[in-house]
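Visitor: Please take a close look at the disulfides of this model, and at the parts of the fold that they connect.

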Amino acid sequence: MNILSRNFILLFAVIALGLITNAFAALEKNAYEKYSMKNNVTNKTTVILKYADNLTKACEQESLKRGNGGFKGKPMEACSFYDSSSCMIIVPTMTNNDMLGHELHHCLSGNFH
């Protein structure tokens with residue numbers, strides 16, 4: 001295989017990866033898209049809110065502590081961990097309503113995306 005063929009294959013792979021990534025990002029609900037509250041796994045939970053300067057590290061540590069295997073160094077914007085009676089939300093020290101609301105949605109609806 002010559003260098004031109006290898007470069008073409010590499011370029012094709014990068015473009016395909018970009019298209020796939022954008023397709024998954026498009027599946028994420030926007031802040032104003034409505035969803036049914038009838039699909040909740042619970043309507044009552046205790047919320048434990050934590051915040052961290054190094055959010056990725058805090059989410060990784062909590063995931064590993066719970067035996068979930070961690071996030072493998074994937075950069076995180078926020079995270080939540082829930083069970084039948086409580087939900088821990090970890091957000092950055094400086095957060096916004098979208099991050100907090102998104103994680104609260106996990107507390108009520110489980111893994112919705």
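Guide: A disulfide is counted here where two cysteine sulfur atoms lie within 2.5 Å. The model is predicted, and it holds two disulfides. One of them joins C59 to C79, with an S to S distance of 2.1 Å. C59 belongs to helix α2 and C79 to strand β2, so this bond ties together parts 20 residues apart in sequence. The torsion about the S-S bond of C59 and C79 is about -95 degrees, which makes the disulfide left-handed. Both C59 and C79 are buried.

The other disulfide is formed by C87 and C107, whose sulfur atoms are 1.9 Å apart. C87 sits in strand β3 and C107 in helix α3, 20 residues apart. For C87 and C107 the S-S torsion is about -65 degrees, so this disulfide is left-handed. C87 is buried, with a relative accessible area of 0%, and C107 is buried at 2%. In sequence order, the bonded cysteines pair 1-2, 3-4.

The strands involved belong to an open, mixed sheet of three strands, ordered β1-β3-β2. β1 (46–52) and β2 (79–82) are the edges, each with a single partner strand, so one side of each has no neighbour in the sheet. From one strand to the next, the twist averages 15 degrees. β1 and β3 (residues 86–92) run parallel and are joined by seven bridges; V47 stands opposite C87 of β3.

Both helices lie across β1, β2 and β3. Helix α2 (residues 55–65) runs at about 155 degrees to β3, and helix α3 (residues 97–109) at about 160 degrees to β3.

Notes. Residues numbered from 1 in each chain as written. Predicted model: local features only at pLDDT ≥ 70, side-chain atom pairs only at ≥ 80, totals over all residues. Heavy atoms only, no water. Pairing = 2+ DSSP bridges. Helix = DSSP H or I, 4+ residues; strand = E, 2+ residues; numbered from the N terminus. Axes fitted to C-alpha atoms, helices over the stretch in contact; angles between N-to-C directions. Contact = heavy atoms within 4.5 Å. Buried < 20%, exposed > 50% of the residue type's maximum accessible area, 1.4 Å probe, protein only.
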